[in-house]
Amino acid sequence: MKKILLCCAAGMSTSLLVNKMKAASESKGMEVEIWAEPLDKAPEEIPKSDVVLLGPQVKYALPELKKIADEHGKKIEAINMTDYGMMNGAKVLEAALKLLND
């Protein structure tokens, strides 16, 4: 099972995106665990994930969190701003899976 962590400022708006991503994965018959956490919990949550996606509003934290992700062999990237704004769960899920396979 793939584990996808989303991080944003407070974890609120990203929770809606998590639900849309879960719906997209279920429609494809995929088993994935997807959850959202506020940025301050990222260092303790990164080791539990396979891939980490940052909300566009916290993209500034990518260099710092990439160091932590690299230490644990995890992939990390910022979510495309358009996909985030449109709450396009299918596209964000696709991006996460692509990142895992790169």
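Which residues are exposed on the other side of α5? I shall come to that helix at the end of this talk.

Good morning. What we have here is a predicted model, in which local features need pLDDT of at least 70 and side-chain atom pairs count only at pLDDT 80 or more, while totals for chains, interfaces and linings use all residues. Residues are numbered from 1 along each chain as its sequence is written, and side-chain values use heavy atoms, with hydrogens and water left out.

Let me begin with the sheet. Four strands form an open sheet in the order β2-β1-β3-β4, with parallel pairing. At the edges stand β2 (32-38) and β4, each with a single partner strand, so one side of each has no neighbour in the sheet. From one strand to the next, the twist averages 20°. Strands here are DSSP runs of E of at least two residues, and helices are runs of H or I of at least four, numbered from the N terminus; two strands pair if DSSP finds at least two bridges between them. Between β3 and β4 there are four bridges, and Val 51 has Lys 75 in β4 as its bridge partner.

I turn now to helix α3, residues 62-71. Its buried residues are Leu 62, Leu 65, Ile 68 and Ala 69. They lie on the same side of α3 because they cover an arc of only 125° around the axis, the arc being that of the directions from the helix axis to the C-beta atoms. On the other side, Pro 63, Glu 64, Lys 67 and Glu 71 are exposed. By buried I mean under 20% relative accessible area, by exposed over 50%, and by partly exposed in between (1.4 Å probe, protein chains only). The buried residues of α3 pack against α2 (42-45), β3 (51-54) and β4 (75-78), where contact means heavy atoms within 4.5 Å. After α3 comes Gly 73, with a positive phi near 70°.

In strand β1 (residues 2-8) we find Leu 6, which is buried, with a relative accessible area of 0%. Leu 6 and Leu 93 are 87 residues apart in sequence and 11 Å apart in space, C-alpha to C-alpha.

Finally, helix α5. The buried residues of α5 include Val 92, Leu 93, Ala 96 and Leu 100.

Note on methods. Axes are lines fitted to C-alpha atoms, for helices over the stretch in contact, and angles run from 0 to 180 degrees between N-to-C directions.
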